[in-house]
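Please consult the sequence and coordinates alongside the text.

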Amino acid sequence: MTTAQFYCQYCTASLLGKKYVLKDDSLFCVTCYDRVFSNYCEECKKPIESDSKDLCYKDRHWHEGCFKCTKCNHSLVEKPFAAKDERLLCTECYSNECSSKCFHCKRTIMPGSRKMEFKGNYWHETCFVCENCRQPIGTKPLISKESGNFCVPCFEKEFAHYCNFCKKMITSGGITFCDQLWHKECFLCSGCRKDLCEEQFMSRDDYPFCVDCYNHLYANKCVACSKPISGLTGAKFICFQDSQWHSECFNCGKCSVSLVGKGFLTQNKEIFCQKCGSGMDSDI
């Protein structure tokens with residue numbers, strides 16, 4: 001570069017014996033460079049002149065002395081920081097303001113440290129422990145109760161009930177029948193294996209049966225209609241000498257008048273009203 005070329009590209013003033021700035025192979029006097037090219041500080045809104053250090057983060061610029069935490073005002077120069085809503089925060093302020101709080105100890109879970117999440121709450125890894133043995137649960141299976149979270153071995157030891165059918169642990173819900181607990185999905189008819197969870201059922205020797213199976217296998221049959229006599233829904237029936245009738249079937253075998261609450265006569269396992277049975281050989 002010759003002496004004739006040693007001048008400011010912007011104002012054309014000679015740069016001999018003066019400070020200058022080289023930008024894109026062009027020379028600028030300090031005054032022109034600062035006026036034309038300087039970035040403006042996000043904090044103080046003043047230009048960051050060529051003799052000042054320009055700190056840049058995501059196309060935003062600060063003087064070195066202005067690059068501070070917006071909450072505690074401590075310098076962030078050569079220190080870790082985080083941004084929230086375009087504000088710069090030191091790691092301590094960011095943690096206090098933005099980080100999750102441990103559900104157990106209520107302290108901040110610092111950025112970068114491992115945290116455990118369960119049912120919308122957060123724990124330090126060392127705070128997320130079994131309520132009984134106090135050992136960290138981590139990512140192992142757990143069972144939650146109102147009193148806390150439990151590892152599976154401790155829950156089984158302290159609280160578990162077992163299904164009378166499959167003998168496996170019942171962790172929630174269940175059905176009680178004959179002082180025994182059952183999984184809902186295990187409470188089935190002992191005959192046809194139909195799900196009885198929301199069905200009417202009958203019991204025989206402490207085994208559950210659906211109404212159809214019970215009637216087919218065990219229910220007494222009506223002498224008149226031969227259909228099962230079920231005690232469900234308050235159905236009434238008549239019993240006489242080891243024979244049973246539905247109340248609506250307990251009628252005179254000749255005139256069909258109802259004999260419920262009335263005197264009657266029998267002959268060859270048939271029943272008759274006193275009028276129709278008069279003159280017959282009968283057993284009262």
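Over the face of which residue does Lys 115 lie, and at what distance from the ring centre?

## Charges over rings

In this predicted model, Lys 115 is placed over the face of Tyr 122, 4.3 Å from the ring centre. A further case involves Phe 103: the charged end of Lys 106 sits over this ring, at 4.8 Å from its centre.

## Aromatic pairs

The count of aromatic pairs comes to 19. One aromatic cluster is formed by Tyr 57, Trp 62, Phe 67 and Phe 81.

## Helix α1

Helix α1 spans residues 30–37, and its buried residues are Cys 32, Tyr 33 and Asp 34.

## Tyr 162

Tyr 162 belongs to strand β11, which comprises residues 161–162.

Leaving aside residues up to four places away in sequence, Tyr 162 touches Glu 156, Lys 167, Lys 168, Met 169, Ile 170 and Leu 181. As for Thr 91, 71 residues from Tyr 162 along the chain, a separation of 50 Å lies between the C-alpha atoms of the two residues.

Conventions:
Residues numbered from 1 in each chain as written. Predicted model: local features only at pLDDT ≥ 70, side-chain atom pairs only at ≥ 80, totals over all residues. Heavy atoms only, no water. Phe/Tyr/Trp six-rings, centres within 6.5 Å; stacked < 30°, edge-to-face > 60°. Lys NZ or Arg CZ within 6 Å of the ring centre and 35° of its normal. Buried < 20%, exposed > 50% of the residue type's maximum accessible area, 1.4 Å probe, protein only. Helix = DSSP H or I, 4+ residues; strand = E, 2+ residues; numbered from the N terminus. Contact = heavy atoms within 4.5 Å.
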